[in-house]
Amino acid sequence: MHPSFGRRAGTVLRGPTRPAAVLLVLAAVTACSGQGATKTTATGATTRTAVTLTAGATATKENLEQSASQLRARAAALGLTDVTTTIQGTTITVTAPGDAGEKLTAVTKPGRLLIRPVLALAPCPTAPAPSDPTDALPQGTVPPELAARFAALDCAGDRNLPDLRVAASAPALAFGSAAEHDVRYKFALGPASVNSADIVGAEAAFAPQESASWQVRLSFNDAGTKEFAASTGRLAALPGPGNEFAIVVDGEVVSHPYVREAITGGEAVISGSLTREVAEQLASALAHQLPIELDRSTVTTLPPAGATP
């Protein structure tokens, strides 16, 4: 069945449009992705950018090697060449030629996706108090156990993600990843119906029919297809904002469309005000999932080999 869907603030996710401890590792394990031109200094020496990631103590050698492979695949998808991954203990270091800090930061994002029902949303103040107190009143119903935290959330300061690592089976709080018509929202969300493990494909594509913007097209496995159809069918019968679902990536809501009927095709599209760069970064992260959580600790520029500090 072709889905029926609605938009909120220019974003939409819709149905089918197209087709560890590894402490015994004494020697570093190194792999390389492709070969290509490198950025050099005036003397011809090569500079490189390095990002260091650390896994938990329970990570296995296989986990780390799979993660390194996926990181190289992400880098290749974003056009980076001569990318090297080095495993030392429970640490993975990813390096690339030249000043590649921005792209390597994108490559090493977790890329964790959850699709959660929207229970409530409200404007997220960026100042101590809104100019009109009614502007901050939530739409929908905030679960009692989240009510105090939801009321206290604001978008001032560094906006630490409130429930980045909360279990998918538990309700959670989240911020919108970007402002919608100059308003940023905060969300109370229900348990996830679909997660990263349900994704079998993700690609960025230009959509001239969608205000000439970029999209990320997702494909689900059988389990994800069934659960997505069931959950969107349930949401379609509810009043707003209970008929919305949130696409949460790394703890932030990137889209929260409403639906009018079940979406049954096993495919979905994330669209809105995505640039090509953002769409490609999101697609590469979702297409190449990391098997374990990795904490990014440092991003550094390495001097040319043999250079004097």
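**View 1. Arg 165 and Glu 293 form a salt bridge.** In this predicted model, the closest N and O atoms of Arg 165 and Glu 293 are 2.8 Å apart. Is Arg 165 buried or exposed? Arg 165 counts as exposed because its relative accessibility is 52%, and the cut-off for exposed is over 50%. A further residue joins in here: Arg 165, Glu 293 and Asp 295 are linked in a network of salt bridges.

**View 2. Asp 163 and Arg 149 meet through their side chains.** This is another of the salt bridges, and the structure holds 6 of them. The N to O distance between Asp 163 and Arg 149 is 2.9 Å. Arg 149 belongs to helix H3 (147-152), while Asp 163 sits in the loop between that helix and strand S8 (172-176), and the two are 14 residues apart. Asp 163 is buried, with a relative accessible area of 15%, whereas Arg 149 is partly exposed at 37%.

**View 3. Glu 227 pairs with Arg 234.** Here the closest N and O atoms of the salt bridge are 3.4 Å apart. Glu 227 is partly exposed, and its relative accessible area is 29%.

**View 4. Asp 198 is a buried residue with no salt bridge.** Which side chain of opposite charge is nearest to Asp 198? That side chain is Arg 112, and it is 11 Å away. You can find Asp 198 in the loop between strand S10 (194-195) and strand S11 (199-207). Setting aside neighbours within four places in sequence, Asp 198 is in contact with Ser 193, Ser 219, Phe 220, Asn 221, Ala 223 and Gly 224.

**View 5. Helix H1 runs from residue 61 to residue 77.** Its 17 residues reach 25 Å from the first C-alpha to the last, close to the 24 Å expected at 1.5 Å a residue. Which residues of H1 are buried? They are Asn 63, Leu 64, Ser 67, Ala 68, Leu 71, Arg 72, Arg 74 and Ala 75. An α-helix has 3.6 residues a turn, so residues three or four places apart point the same way. After H1 comes Gly 79, whose phi is positive, near 85 degrees.

Technical notes: Residues numbered from 1 in each chain as written. Predicted model: local features only at pLDDT ≥ 70, side-chain atom pairs only at ≥ 80, totals over all residues. Heavy atoms only, no water. Helix = DSSP H or I, 4+ residues; strand = E, 2+ residues; numbered from the N terminus. Buried < 20%, exposed > 50% of the residue type's maximum accessible area, 1.4 Å probe, protein only. Lys, Arg positive; Asp, Glu negative; His and termini not counted. Salt bridge = Lys/Arg side-chain N within 4 Å of Asp/Glu carboxyl O. Contact = heavy atoms within 4.5 Å. Expected span 1.5 Å × (residues − 1).
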